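Dear colleague,

I am handing over the structure we spoke about, placed just below. Please open it alongside this message as you read.

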Amino acid sequence: MPSIDPAPENPMAQLRKLLWIAVAVAVLLGGILYIGAERAGQRPAAQNGLNFGGPFTLTAADGSVLTDKTLAGKPYAIFFGFTRCPDVCPTTLSRMARLRKALGKDGDKFAIVFVSVDPDRDKPADIGEYVKLFETPIIAATGTDAQIAAIRKSYGIYVAKVPLDPADPKGDYTIDHTAGVFLMDAKGQLSSIIDHAEADEMAIAKLKRLIAES
Amino acid sequence: MTLPPRTLALPALLALAAPPLLAHGFAAGKIAISHPWTRETAATQVVGGGFMKITNNGKTADRLVSASSPNAREVQMHTMSMEGGVMKMRQLKDGIVIPAGQTVELKPGSLHVMFMGIKAPFKKGSKIPATLKFKQAGSVKVQFTVQAVGSTMPMEAGHAQH
Ligand SMILES: [Cu+2]
């Protein structure tokens, strides 16, 4: 009698089994990483122990001084962009207007703040006219190069000026920039971030939490 | 013919619904362009993105080589992408290839033409004339419909006015 062990599987079947195990491990690992990233996204400040946000001084559209203290006492959604941004800025600001509407009577319990990362070209009057397009109150701000550099640093905003024509580096430029919306509570602490690609339902849940927390 | 009235009604409705799709289309040779649209701009804004679908019904690839408009200093072709939460836009100096038998969609978050140096604000509901130049099909005059700033896709004619 041959051995009572089951006949060894053919090599292809064994390979297939190994591959399935590898897939299962990858899915599990991916899930853990994803959950980790989600948590980090929701509470980066707490998670990383970074001093996120913090004091800033800017100039509002009407020429008045806008600081973190001016905004304190009410939560706010802050977004960084520029008026020559053809797509992600109008899309994001329109969306914030839409989300505010969707929140009904809670819609005015948070402020929307738009900060230009193009202070050389976006003057207070420019940003003021720009945000009027969105038919909801938006606090628009710009500042000196140093002021914008400071708030960019404290919010971790990536900004890079890129010439539109590489052959003409001194010519017209566009600006690569971070496109997330930062939700700050009434004390100026980060509550969460609304990602550009995220569904409205998720963004509304984050805004509701922001309002409830404040 | 003894078709009951109800049977006639549906095709009639479809016929009514169809024209807007055809109404806002432009063609040059084997190239067809549907629903060019752009967004309203603020008084101080100097740029605006333009979007449309370009179909190449021919058997050879074509290329959108340039665009111009009397309403802007210059019209460039751009691509946009999101990389790690960062928005990036780049000029496509070689234009946009329209492969044979395919449709290329210029849309928010992706390829677009960009009106640079807008001469007067784009007002919602108005039309912005432009000329698109294709390598094979030649030039075609189109009209970009100006939509609300929050638009992410072309509105059909019946929904254009709010
Ligand atoms: Cu562009």
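What follows is a short account of the metal site, the nonpolar cores and the contact between the chains.

Please keep in mind that this is a predicted model. The copper ion is held in chain B by two histidines and two methionines, namely His78(B) through ND1, Met89(B) through SD, His112(B) through NE2 and Met114(B) through SD, at 2.0 to 2.3 Å. Because the angles subtended by these four donor atoms run from 101 to 119°, the arrangement is tetrahedral. Along the chain, the donors of the copper ion follow the spacing H-x10-M-x22-H-x1-M. His78(B) belongs to strand 5 (residues 72-83) of chain B and Met114(B) to strand 9 (residues 112-118) of chain B, so this pair ties together parts that lie 36 residues apart in sequence; both His78(B) and Met114(B) are buried.

Turning to the cores, the largest nonpolar one has 62 residues, and Ile78(A) and Tyr155(A) have the most contacts inside it. Among the residues that Ile78(A) touches are Val113(A), Ile151(A), Tyr155(A) and Phe182(A). A second, separate core has 28 residues, including Leu106(B) and Phe122(B).

As for the interface, 29 residues of chain A are in contact with 31 residues of chain B, and the area buried between the two chains is about 2300 Å², of which 61% comes from carbon and sulfur atoms. Pro86(A), Leu133(A) and Leu164(A) supply 26% of the area that chain A buries against chain B, more than any other three residues. Four salt bridges are found across this interface, and the side chains of Asp87(A) and Arg39(B) also meet in a salt bridge, at 3.7 Å from N to O.

With best wishes

Note on methods
Residues numbered from 1 in each chain as written. Chains lettered and ligands numbered in written order. Predicted model: local features only at pLDDT ≥ 70, side-chain atom pairs only at ≥ 80, totals over all residues. Heavy atoms only, no water. Donors = N, O, S within 2.8 Å, 3.2 Å for Na, K, Ca; no water. Tetrahedral: all angles 85-135°; square planar, octahedral: opposite > 155°, others 65-115°. Helix = DSSP H or I, 4+ residues; strand = E, 2+ residues; numbered from the N terminus. Buried < 20%, exposed > 50% of the residue type's maximum accessible area, 1.4 Å probe, protein only. Core = buried A, V, L, I, M, F, W, Y, C linked by side-chain atoms within 4.5 Å. Contact = heavy atoms within 4.5 Å. Buried area = accessible area lost by both parts, 1.4 Å probe. Lists of a residue's contacts leave out its neighbours within four places in sequence.
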